[in-house]
Amino acid sequence: MQRATGRGAASATPRSVDVARLAGVSQKTVSRVFNDEQYVSAEVRRRVLQAAEELGYRRNNAARALASGRTRAIGVVTLGTALYGPASLLMGVERAVRDTGYALRVVNTVEGDPAGVAGAVGSLLDQGVDGIVISEPIDERGGGDTRDRKEQPSAGDERRRKEADGDDRLRVDVPVLVLSAPSPVVAPRVLTAGHHADRMARVATEHLLALGHATVHHLAGPQRWYAARDRLEGWRTALTAHGRTVPPVVEGDWSAASGYAAGRALAADRDVTAVFAANDDMAIGLIRALTEAGLRVPQDISVVGFDDIPVAGFVTPPLTTVPQRFDAVAQEGLKRLVHVIENPDAPPLPASDPPVDLVVRASTAAPSTRRSPAR
């Protein structure tokens, strides 16, 4: 197949009927392919997409909006931060939205602004969107320190509380996808994705227990973050399930500097043989402090991180960690969101329960008798 050339043909904008003619299918089939509908064979889909590429065909989203009453735009509310997790998740969402053929509109919130999410959602609704993705990882109502964890609800606790009690959450009239946090809104359809941090933390903790450590200490993230609460909950659940002592929690702020500060304190405690850090940056700072204190990782103290940041495999020692699959979470979530946007009367697509991976590197090992707990 070749794209038409010559005067007139070069300036003509290709239409879906042109794609259908070149691919040898009906115009309805072209529409089905570009709407990612079912009942289109892989071979037909390939021919349609190849024809569209050769013709330089692009869907006219403005015309589609007028015809369908939809804007073909998805709004995203996200915390304005350069931290690895939120930034990577936003990148995954951007890629996933682009793949759906929808336009993307992003509004950033600011940490410490209790009205941030409501204002961002209102701004997106004013602009006109068919659906909203909320990636707001912080509980702006508060969430104190780790000294009394019973007063700090996890994301799961928060969802159950809101189901049981009446609440004053913002009400919107478009479908909403919430990533890794309780829903701050009420909507016709509220979908969730990325709610697996507690399972991932359990896997990290159980890895250390399986190596023979009597218990595992936890370097937690700031407890205003739902992810930090869920990781702490998973760590605690694993220790309790195995009948192990639950040590006091040390809280950091996600930075390597806070991990370094925590490491200086933990190095002085001879009971510490294993630490699960709530993110890789804190784990790297922790290892630096332990090394400066004359302790060997993993011979004296094993360390597990969380995220699998790009440098995790290149520090000394290479870091054992739990990877987050940001692209997979975003792609599945956006697929489900677009489905309810375009099929409002159909049941939502089921959420998957992805496996939890652990990347085992050189920062974990069986406990050494050289560093036996103090008696």
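Which loop holds Pro317? Select Pro317 and you land in the loop between strand 11 and strand 12 (320-323). Strands here are DSSP runs of E with at least two residues and helices are runs of H or I with at least four, numbered from the N terminus.

Before moving on, a word on what you are viewing. This is a predicted model, in which local features need pLDDT of at least 70 and side-chain atom pairs count only at pLDDT 80 or more, while totals for chains, interfaces and linings use all residues. Residues are numbered from 1 along each chain as its sequence is written, and side-chain values use heavy atoms, with hydrogens and water left out.

Stay in the loop and pick Asp308, which also lies between strand 11 and strand 12. Asp308 is not a glycine, and its phi is positive, near 60°.

Next, go to Pro298, in the loop between helix 11 (280-292) and strand 11 (302-307). The bond from Val297 to Pro298 is cis too, with omega near 15°.

Show the surroundings of Leu286 and you will find contacts (heavy atoms within 4.5 Å) to residues including Tyr260, Leu266 and Val275.

Our next stop is a helix pair. Color helix 8 (residues 197-210) and helix 9 (residues 226-241): their axes, lines fitted to C-alpha atoms over the stretch in contact, come within 7 Å and cross at roughly 45°. Residues of helix 8 that meet helix 9 include Ala201, Thr205 and Leu209, and among their partners in helix 9 are Gly234, Trp235 and Ala238.

Finish at Ser180, in the loop between strand 5 (176-179) and strand 6 (185-186). Ser180 has a positive phi of about 60° although it is not a glycine, and at 24% relative accessibility it counts as partly exposed.

Technical notes: Buried means under 20% relative accessible area, exposed over 50%, partly exposed in between (1.4 Å probe, protein chains only). Axes are lines fitted to C-alpha atoms, for helices over the stretch in contact, and angles run from 0 to 180 degrees between N-to-C directions. Lists of a residue's contacts leave out its neighbours within four places in sequence.
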